[in-house]
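Here is a short report on helix packing and aromatic pairs. Keep the structure open while you read.

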Amino acid sequence: MAQRSIPTVAPCAVVIIVIMMLVATSSAFVPELRVARRQRAFSTQPLNVVFHQLSNGCITALKTAQEQAGLLKQQEVGNALMLLGLCESPGKTKSTMDKYQINWRTVRPILNSLLDTSPQVTSDSSDSSTRLAAFSPDKEKEAVPYSQALQKTLHDAGKLAQQMGSSTIQSEHMFLALFDYREEDGEPVAAARGDSCEAMEVVEHINAELDGYEIC
């Protein structure tokens, strides 16, 4: 009785089949990988690149914060001053800020008492990349540089904007970042405390019973 011959598959065909299977099984993970890569890229990109992502509202808030830093004789623009800037340009956070009485009339006097307003000695060691001369109201004067804390806030705001599907950093993203807000699986997992957050320290002077979770 004659034996049936078993069909053979060319090695190149096997390779092609394996590649197609790998592509099919990994395609579902491509969007997640792209998001993760974009978020890593955003957190490591230079600050001047982040500035190009800012909305007009955020630019107005930063300009105001820098102006007030100069008036209060501050060496750097910190998160507390950025909160004051958002009082000038709150965007979609206006209803929240109104609810908790976070406005110019309440925040500005608190900063007068919290910040050292004595003349500061300007350091020559500050990184020029933390300055934004275009935002300086007086072109003859050098813009006040941003503190390390505010630089982190700017990057965090950028990551929040991406997570929320926005191509620009809006005032609401900046507001959330000021209070150390972040999400995992759509749930808040961290929020500011007054002993570790400049903005929360200011708010606690308005209402000592508030916490970061409630505000965000």
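Contact means heavy atoms within 4.5 Å. Helices are DSSP runs (H or I, at least four residues), numbered from the N terminus. This is a predicted model, in which local features need pLDDT of at least 70, side-chain atom pairs count only at pLDDT 80 or more, and totals for chains, interfaces and linings use all residues. Residues are numbered from 1 along each chain as its sequence is written, and side-chain values use heavy atoms, with hydrogens and water left out.

Start with helix α7, residues 104–114. Val-107, Arg-108, Ile-110 and Leu-111 are buried there; buried means under 20% relative accessible area, exposed over 50%, partly exposed in between (1.4 Å probe, protein chains only). These four residues lie on the same side of α7, because they cover an arc of only 165° around the axis. The arc is taken from the directions from the helix axis to the C-beta atoms. Arg-105 and Ser-113, on the other side, are exposed. The buried residues of α7 pack against α4 (56–71), α5 (79–88) and α10 (198–206).

Now the aromatics. The whole structure holds two aromatic pairs. One is Phe-175 with Phe-179, tilted, at 5.0 Å centre to centre and 55° between the planes. Ring centres of Phe, Tyr and Trp (its six-membered ring) must lie within 6.5 Å; planes under 30 degrees apart are stacked, over 60 edge-to-face, the rest tilted.

| Residue | Relative accessibility | Class |
|---|---|---|
| Phe-175 | 2% | buried |
| Phe-179 | 0% | buried |
| Lys-94 | 44% | partly exposed |

Lys-94 belongs to helix α6 (residues 94–99). Lys-94 and Glu-172 sit 78 residues apart in sequence and 8.9 Å apart in space, C-alpha to C-alpha.

Note on methods. Helix = DSSP H or I, 4+ residues; strand = E, 2+ residues; numbered from the N terminus.
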